[in-house]
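Colleague: Could you walk me through this model before I plan around it? I'd like to begin with one residue and then widen the view.

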Amino acid sequence: MLKRRLQPFVDQLPILKTLKPIKKDKDSTFYIVRMKEFYQKLHRDLPATRLWGYEGQYPGPTIVEKNEKVNVLWANHLPERHFLPVDKTIHGANKGAPEVRTVVHVHGGTTPPSSDGHPDAWFTRGFKQTGPQFKRKMYHYPNHQDATTLWYHDHALGITRLNIYAGLAGFYLVRDRHERSLSLPKGKYEIPLIIQDRSFHEDGSLYYPSKPQRASPKLPTPSIVPEFLGDFILVNGKIWPFLKVEPRKYRFRLLNASNTRSYIFSLSSGQPFFQIGTDGGFLQAPILVKQITLFPAERVDVIIDFSAHKGQQIILRNTGANANPKTTGLVMQFRVSLPLSGKDESTIPSRLKTIHRLPLNQVQKIRHLTLDQKKDRYGRQLLLLNNKRWDAPATETPRLGNIELWNLINLTNDTHPIHIHLIDFFILNRQPFDVQHFKRSGKIRFTGPPVPPAPYERGGKDTVRVESGKVTRIITTRFGPYTGNYVWHCHILEHEDNEMMRPLIVKPE
Ligand code: C2O
Ligand code: CU
Ligand code: CU
């Protein structure tokens, strides 16, 4: 494994290219996106790295949409063998399943079930083989959502962690008229940032462990690891890049697309971020925050004002769990070295959107769902939702149009970012409880008052940090407008690949 130090801030931040449609008319837009193997330099002092990406780019190109009907043919042109270690004892990758399977999910999208990228709707190169939930080749996205920051990534059962690690992820930005009326920084002053951690071999190839560090001899080879933390932080596919900026306002979308790592972002200048959005779009009003915590799959939309920092170099830092201040504690650098090319006409509006009060009196169903820690037949950590494995019959079957309140009861020792497909939700609160008492009696005994969500998570969410020893309460938006097969799961990829995922079936009224 590469242990050598790589110099930070020697490569320019790549600006993600927007995907070009094959055809666009007044009714719909059509894209073909090919997944391909390619080589790309991720740092000045590292040989080019073998990657898998959408349209041969890492990370995949941005798709910018605004209420239009979009059809995408996601085409697998990948080799038939994986270049990362596939554990054939875990769900989806076992029973003679093809080694390389892909399926694309638009994370946070309100998508019909047949286009949602169900983990069992996978397909192989040229659609030669398909999974049991495979319904169609051409995916359809109605994009009826308000402007927000979505992303798309691979979701194939049992190998999602490897496919995303190889590079299969990208932004999917939804725009609308309201957003345009806000005069936020735009064009070259609006930059999406996809943040991921990776490790390497000396030759520049990606390193991903083929078994846990303290592996018992009984383990299969390869064997899934309980978590993965990389040694280097990449933004838009470069290790610790820099960006030259003008002394003015910029809009950045931050996406944590890492397998396991969580981040706490701050700026070395001590200045705040003006946060304007969450997973589900704009906040009611901008808030000033000095720190932003992002678990895997979470996003924030922020404005950084460089106007008082002419000539300075500002580091975007990470002080999250396991961060080393010299390496993984660095993310990227802003150099306020460009001359102002014109007056900064952008604004930070005082109101962004109307967010209605939580519809507590309209909740039609209350669920209590545990996060559990077990051991599998090899003695490896096994994390479950509601004490059930992936292939047990669905238990979360909301009715179309219903609002539900979910109590996520975390009995494990870790925080898990829990994600629900199809809908958004709002965080009501988090409340500590006696885990041992619950394990003995099945009853919740609270040990403290409920704590409201942090300011940065008070907008629409599709992924929520569920902390150890707490009940996290969320209220969903109405399940719909589609019925059918979806999923909910932990977004730590090493967990979702190993049973920490459950079906979600939206039933007709
Ligand atoms: Cu971002 Cu089910 O996934
Ligand atoms: Cu999703
Ligand atoms: Cu988890």
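Modeller: Let's begin with Trp-240, which is buried, at a relative accessible area of 1% (buried means under 20%, exposed over 50%, partly exposed in between, with a 1.4 Å probe and protein chains only). This is a predicted model, in which local features need pLDDT of at least 70, side-chain atom pairs count only at pLDDT 80 or more, and totals for chains, interfaces and linings use all residues. Residues are numbered from 1 along each chain as its sequence is written, chains are lettered from A and ligands numbered from 1 in the order in which they are written, and side-chain values use heavy atoms, with hydrogens and water left out.

Colleague: What is the phi of Trp-240 like?

Modeller: Trp-240 has a positive phi of about 40 degrees, although it is not a glycine. Most residues other than glycine have a negative phi.

Colleague: And Asn-387, is that buried, exposed or partly exposed?

Modeller: Asn-387 counts as partly exposed, at 42% relative accessibility, and its phi is also positive, near 60 degrees.

Colleague: Switching topic, which residues have the most contacts inside the largest nonpolar core?

Modeller: They are Trp-74, Phe-252 and Phe-334, in a core of 85 residues; such a core is a set of buried Ala, Val, Leu, Ile, Met, Phe, Trp, Tyr and Cys residues joined through side-chain atoms within 4.5 Å. Apart from it lies another core, of 24 residues, including Ile-418 and Tyr-486.

Colleague: Where are the cis peptide bonds you found?

Modeller: One joins Thr-221 and Pro-222, with omega about -10 degrees, and another joins Gly-480 and Pro-481, with omega about 0 degrees.
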